[in-house]
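Hi,

Here is the structure I said I would pass on. Have a look at it, and then read my notes below.

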Amino acid sequence: MEDIPQKHQEVFKVISEAGKTVGQDVYVVGGYVRDYYLNRTKDEDLLDIDFVTVGSGIDIAKEIADRLNADNLSVYKQFGTAHIRHGNMDLEFVGARKESYRKDSRKPIVEDGTLEDDQLRRDFTINALSWSLNEENFGQLLDPFEGIQDLKKQLIRTPVDPLTTFEDDPLRMMRAIRFATQLKFDIEEQTYRGIEEMASRIEIISKERIIEELNKIVMADKPSIGFDHLFKTGLLEHFFPEMVELHGVEEVRGVRHKDNFWHTLKVLDNVAEMGGDLWLRWAAIMHDIAKPATQKFVEGTGWTFHGHDALGAKWVKRIFRRLGLPLDERMRYVRKLVRLHLRPIALVSDNVTDSAVRRLIYEAGDDIDDLMMLCRADITSRNEYKVKQYNRNFDYVEKKIEEVEKKDRIRNWTNPIRGDEIMETLGLAPGPVIGDIKDAVKEAILDGKIPNEHDAAFDYMMEIKDQFLDEE
């Protein structure tokens, strides 16, 4: 413990003294201890530190809050836990307990217990590590299930029989895969078989808990590791069947198409490597999601997936809702990128008009750079020549986009003619015709008929106004 940040040592000393005052043994448990041995303990971001005490977690937390002069003690009597925010540390205290489950219930029977009881209910050996904060053995490592050995072996293993661990809380199957993905560890063979056997029990877990773990997998350095495990254990089909449908290769008269599941994972890894955020990664996951539904073999052409971009975009909201993902601007961002992900490559030809480029810039708006990142990530060929050619094509497209944007300023475009100006100039009352005139001006600008400026737009409005006034 001498290597941990000084302010953490000081807090641990305060907690040790508080435990002595209230007559309760107290221990640091779980992730903080694990990450110390993995050299992942940092003093930069918000840090969660969990403590177990043999006695009341609330009583010891009150004593600690007084000693730290903390005015943000949160007490949760129903769960017997308490929480203190101290600087960038989230300190959570709980009394040691043991749990037992009835076969017909997910809710455990909870009783006060010893430290050993508490460690037995932990999900994995590497998360059952603890340090004593008690005066007689301050800083001593307690490792009842050889978690340190599993850290050295880079292994995820349950402390007791995996079927018991996963029966108690099926989300632990997702957590096993999440830790394996984040840490690049293997899952111990018996533990892996336990996930395969218990996979269907994930269906009793709420979508909110599942998506929290899934998003951590998505945000890993190499998220394909996690999706590979989710697929092979059978977990994925229980909450994301559309992604499982991507798997498989069909053949007609010797013509095959690529496996869209493994292709999607490669695109996802590419986006992760490029530093894409959570929602760009979700766009990668969803970009080909409708290929199975649009798949068709055409004589003389081969396999086609016409319209998978539009249909996939249509599916985004439904899938997001079912998974418990947000239905706000983040969903709309993903939907937009799925809908547009084939458009840039269509702009490669020298014959493509500025109008087509303008329309892409207009539709993508501020997300045009992310769209191009997704397009480059979508290059998964093993043929180096093809990869270089595709990237040269996208270099060309990006140059076109830059030239057109510099000239026409379409990105995040707003109509130079306002609705109130149309009504005042033409003597019109509010109504659909105002929108029709604005649309006509927009189309003229995007088509390059008029420049993207107010005076040209006003003159054009006066030129075409009669056809709209006649409709009135």
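How many bridges join strand 4 to strand 5? Six bridges join strand 4 (residues 81-86) to strand 5, and the two run antiparallel. Strands here are DSSP runs of E with at least two residues, helices are runs of H or I with at least four, and both are numbered from the N terminus. Two strands pair if DSSP finds at least two bridges between them.

Before going further, some housekeeping. This is a predicted model, in which local features need pLDDT of at least 70 and side-chain atom pairs count only at pLDDT 80 or more, while totals for chains, interfaces and linings use all residues. Residues are numbered from 1 along each chain as its sequence is written, and side-chain values use heavy atoms, with hydrogens and water left out.

Strand 5 (residues 89-95) is mostly covered, with six of its seven residues buried (buried is under 20% relative accessible area, exposed is over 50% and partly exposed is in between, using a 1.4 Å probe and protein chains only). Strands 4 and 5 make a hairpin with two residues between them, and Gly87 in the turn has a positive phi of about 60°. Arg85 has Asp90 as its bridge partner in strand 5. Strand 5 also pairs with strand 2 (residues 47-53), this time in the parallel sense over seven bridges, and Ile49 is bridged to Leu91 in strand 5. Strand 2 in turn pairs with strand 1 (residues 26-29) in the antiparallel sense over four bridges; Tyr27 has Val52 as its partner there.

Leu214, Ile217 and Val218 in helix 9 meet Gly226, Phe227 and Leu230 in helix 10 (contact means heavy atoms within 4.5 Å).

Phe227 turns up again in the largest nonpolar core, which has 132 residues; Phe227, Phe240 and Trp282 have the most contacts inside it. Such a core is a set of buried Ala, Val, Leu, Ile, Met, Phe, Trp, Tyr and Cys residues joined through side-chain atoms within 4.5 Å. Apart from that core lies another, of six residues, including Tyr27 and Val29.

What is His257 in contact with, leaving aside its neighbours within four places in sequence? Its contacts there are Gly248, Val249, Glu250, Gln295, Trp303 and Phe305. His257 sits in the loop between strand 13 (255-256) and helix 12 (260-273), and its relative accessibility is 9%, so His257 counts as buried.

Lys184 is not a glycine, yet its phi is positive, near 60°. Lys184 is partly exposed, with a relative accessible area of 45%.

Cheers
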